[in-house]
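Visitor: Hi! I'm new to looking at protein structures. Could you walk me through this one?
Guide: Happy to. Let's have a look together.

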Amino acid sequence: MRNKTILELSHIVEFMDWGDKNLLTLIRGIDTLVIERSFYINKGEVDDMSRSVKKDTLLEVAERLFYEYGFRGVGLKQIISEANVATMTLYNHFSSKDNLVEEVLKQREARYWSYLDSTIETESDSPFILAVEAHGRWLKEQSYKGDMFLRAIEDYAGTDNEIENIARGHKSRLLEYFQQLAQIKEKENKRDLANQLTLLLEGTTSMTTLIGADKATEYSIAMARTLVQHTS
């Protein structure tokens, strides 16, 4: 469209007096400015994409290292090295290690809920069983060496920071989720059932480190069926 407009304006100038043809120079100057502006806009978009990719890489590497070696066992230098980014790049996205831990936990929780949300159908006769199955898949694929949220609570308990709040919030939201699900299914003892199912999932998580995710999930599904059958 831009080239077509300039071409049309150039044809118009051909019918003008020579003295007026300085208008063509002006038009070409405007065209140059348009090109330069487009270049900087496109460059800005590329820079934004590059920053987003680097941030995602930092989060991915940090989560993997934190899960493998613990929050206290990993320093920022190791994360920067394995993410292959500059030190300033990390601080452009995260103000401190604590801030990085916070963002890692938020991202991990969002991924956890995607497991449940993609599996559970509230209209199903057994949404509680589907939730236990989804939790089992999460353990097998993402959390087979223990619970990162519990580790965060243990490592940062009493330090009065957002990390512990995020980790405890995850556990609270799981309990609230089962309460809402029990209410939708019109369970009279929804609070008791929600507590029992939350404890069941926490136990499944702990047992995964001992007997594996498959076996722990198998037992938890059987127990969940018994719980649901004995509720009105």
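**A chat about the model**

Guide: Let's start with A134, which counts as buried because its relative accessibility is 0%, where buried means under 20%. Keep in mind that this is a predicted model.

Visitor: Okay, which helix is A134 found in?
Guide: A134 sits in helix α6.

Visitor: And what is A134 in contact with, leaving aside its neighbours within four places in sequence?
Guide: Those contacts are Y115, L116 and T119. Take T119: it is 15 residues from A134 in sequence, and the two C-alpha atoms are 6.4 Å apart in space.

Visitor: Let's zoom out. How many helices and strands does the protein have?
Guide: There are 10 helices and 0 strands. Reading along the sequence, you get α-α-α-α-α-α-α-α-α-α.

Visitor: What share of the residues is buried?
Guide: Buried residues are 40% of the 232 in the protein. As for the accessible surface, it comes to about 14,000 Å², with 52% of that belonging to carbon and sulfur atoms.

Visitor: You mentioned L116. Which residues of α5 are buried?
Guide: L116 is one of them, and the buried set also includes Y112, W113 and Y115. Helix α5 covers residues 97-117, so 21 residues, and its expected span at 1.5 Å a residue is 30 Å. From first C-alpha to last, α5 reaches 30 Å, close to that expectation.

Visitor: New topic: how many cavities of 30 Å³ or more are there?
Guide: The count is 1. The largest cavity holds about 80 Å³ of space.

Visitor: Which elements give two or more residues to its lining?
Guide: Those are α6 (127-142), α8 (162-184) and α9. Among the lining residues are Y112, H135, W138, L174, E202 and T205.

Visitor: What about T198, where is its place?
Guide: T198 is in helix α9, which runs over residues 190-211.

Visitor: Is T198 buried or exposed?
Guide: T198 is buried, because its relative accessible area is 12% and the cut-off for buried is under 20%.

Visitor: So what does T198 touch?
Guide: Not counting residues up to four places away in sequence, T198 touches L174, L175 and F178.

Visitor: Last one: what percentage of contacts with a separation of 6 or more is between residues 24 or more positions apart?
Guide: For this protein, the figure is 65%.

Definitions and conventions. Residues numbered from 1 in each chain as written. Predicted model: local features only at pLDDT ≥ 70, side-chain atom pairs only at ≥ 80, totals over all residues. Heavy atoms only, no water. Helix = DSSP H or I, 4+ residues; strand = E, 2+ residues; numbered from the N terminus. Buried < 20%, exposed > 50% of the residue type's maximum accessible area, 1.4 Å probe, protein only. Contact = heavy atoms within 4.5 Å. Areas by Shrake-Rupley, 256 points an atom, 1.4 Å probe, with all protein chains shown as cover. 1 Å grid on protein atoms, 1.4 Å probe; cavity = no way out; pocket = protein on both sides within 12 Å on 5 of 7 lines; lining within 4 Å. Points joined across faces, edges and corners; volume = space filled by probe spheres on them.
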